[in-house]
Amino acid sequence: MRLLAITTTTDLPEAHLLAELSRSYGIAVTLLGTLKQSHQSILSAAGVTIVPLALSGRISRRAIIAIRNAARECEPDIIHSFSNRALSNGLIATRGLRCRHVAYRGAIGNVSRWDPLSWMTYLHPRLDKVICVSHAVEDYLAGVGVPRNKLRTIYKGHRLSWYEGHHSDAPLASPTDAITIGCTANMRPVKGVDILLKAAKLIPSTTPLHLVLIGEIRDKQLPPLISSVNEVHRVTVVGYQENPIPFIQPCHIFVMPSRDREGLPKAVIEAMSQGVAPIVTRVGGMPELVVDGECGLVIKPNSPEQLAAAIISLATDRERATLLGARARTRLAEHFTLDATVAETRAVYEELLTARPLRPPGPHFLPPHGHSASL
């Protein structure tokens with residue numbers, strides 16, 4: 001089997017997925033994209049052919065030419081696109097070529113049958129399968145018109161060893177007896193960090209907290225909230241971190257208070273890998289990661305009161321917080337494995353190739369009536 005993978009940039013699970021498809025199953029993998037040096041090393045060691053490619057937009061003439069040239073050279077059976085830009089450019093570039101198209105989708109939102117751009121990606125009739133990072137993403141895509149038989153949920157697989165041995169040169173110093181709460185996010189309104197801060201204001205000083213906020217602040221309401229919380233509890237803002245794990249390790253609790261659009265958040269996975277008890281909202285795929293009461297707590301979104309109660313319940317019972325954190329790490333190790341992801345992804349490829357012969361070239365897509373897309 002020959003695979004052409006197209007990406008904007010890989011993350012660590014994707015790099016290992018492609019490496020294992022090559023190493024364990026003998027799939028001839030060619031990857032087009034912009035990669036970190038560490039990911040290049042992983043892929044090169046597994047025999048993956050890497051072709052540098054910068055995807056500058058949904059439609060890039062340079063990218064389309066590069067993808068088409070690569071496809072003609074490696075003659076792929078499967079083209080697997082890992083981003084919106086990869087998918088739209090890949091579908092255009094391979095028009096008329098005999099291959100199957102697989103896409104990855106890791107988030108909820110921004111797909112509509114009335115949006116011509118969606119017909120260039122997830123609603124495109126030449127797209128054979130969408131691998132969804134969670135059942136929540138799968139349900140979302142089905143709800144906006146992607147046929148259910150084109151959808152398959154495959155969790156991103158991980159190995160605990162990836163998240164071990166990380167240490168900070170500037171360790172956090174928490175106040176004596178304070179319970180340390182971490183939150184990693186690109187802090188936009190949808191992430192609900194304001195809900196966490198409002199919850200902290202509801203918790204009296206007799207339950208001292210140390211909030212550690214990791215990520216870029218883009219929500220303008222957060223700075224004044226941070227200042228007001230600082231009057232009662234300590235708040236440390238560490239900004240964007242390429243590797244947030246050293247800041248998560250000393251935490252007792254990790255909170256992801258998102259309002260919407262979560263697929264299977266990497267930040268929660270990183271916290272679970274460190275044995276930190278997670279509190280998440282019932283949004284997107286987070287309840288698929290965290291089993292309420294078993295390896296963390298799941299609460300309704302947009303409720304500072306319920307979040308405050310959840311924090312207090314663990315802050316006043318640290319033995320339970322430790323137990324939930326340990327179970328979260330075990331759940332990640334047992335239910336979100338790289339081996340399962342590789343095997344299930346390969347099975348999708350095999351199904352597409354054995355279900356019916358590769359079809360001859362067909363007409364390009366047709367947007368909904370009244371819409372057009374110039375290519």
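Me: Does α6 pass α11 in a left-handed or a right-handed crossing?
Reply: α6 passes α11 in a right-handed crossing (the near helix is turned clockwise from the far one by less than a right angle). This is a predicted model, where local features need pLDDT of at least 70, side-chain atom pairs count only at 80 or more, and totals for chains, interfaces and linings use all residues. Residues are numbered from 1 along each chain as its sequence is written, and side-chain values use heavy atoms, without hydrogens and water.

Me: New topic: how many cavities of 30 Å³ or more turn up?
Reply: A search of the whole structure finds one (a set of 1 Å grid points where a 1.4 Å probe fits but cannot get out, with lining residues having an atom within 4 Å of a point). The largest cavity has a volume of about 110 Å³, the space filled by probe spheres set on the points.

Me: And what lines the largest cavity?
Reply: Its lining has 13 residues, and L17, F82, Y104, K156 and T341 lie nearest the centre. α1 (12-25) and α13 (338-355) are the elements that give two or more residues to this lining. Helices here are DSSP runs (H or I) of at least four residues, and strands (E) of at least two. By type, the lining has seven nonpolar, four polar and two charged residues.

Me: How many aromatic pairs are there?
Reply: The count is three, with ring centres within 6.5 Å; planes under 30 degrees apart are stacked, over 60 edge-to-face and the rest tilted. F82 and Y104 form a tilted pair, 6.4 Å centre to centre with 35° between the planes.

Notes: On a 1 Å grid over the protein atoms alone, a cavity is a set of points where a 1.4 Å probe fits but cannot get out, and a pocket is an open set with protein on both sides within 12 Å along at least five of seven lines; lining residues have an atom within 4 Å of a point. Ala, Val, Leu, Ile, Met, Phe, Trp, Tyr, Cys and Pro count as nonpolar, Asp, Glu, Lys and Arg as charged, and the others, Gly among them, as polar. Rings of Phe, Tyr and Trp (its six-membered ring) pair if their centres lie within 6.5 Å; planes under 30 degrees apart count as stacked, over 60 as edge-to-face and the rest as tilted.
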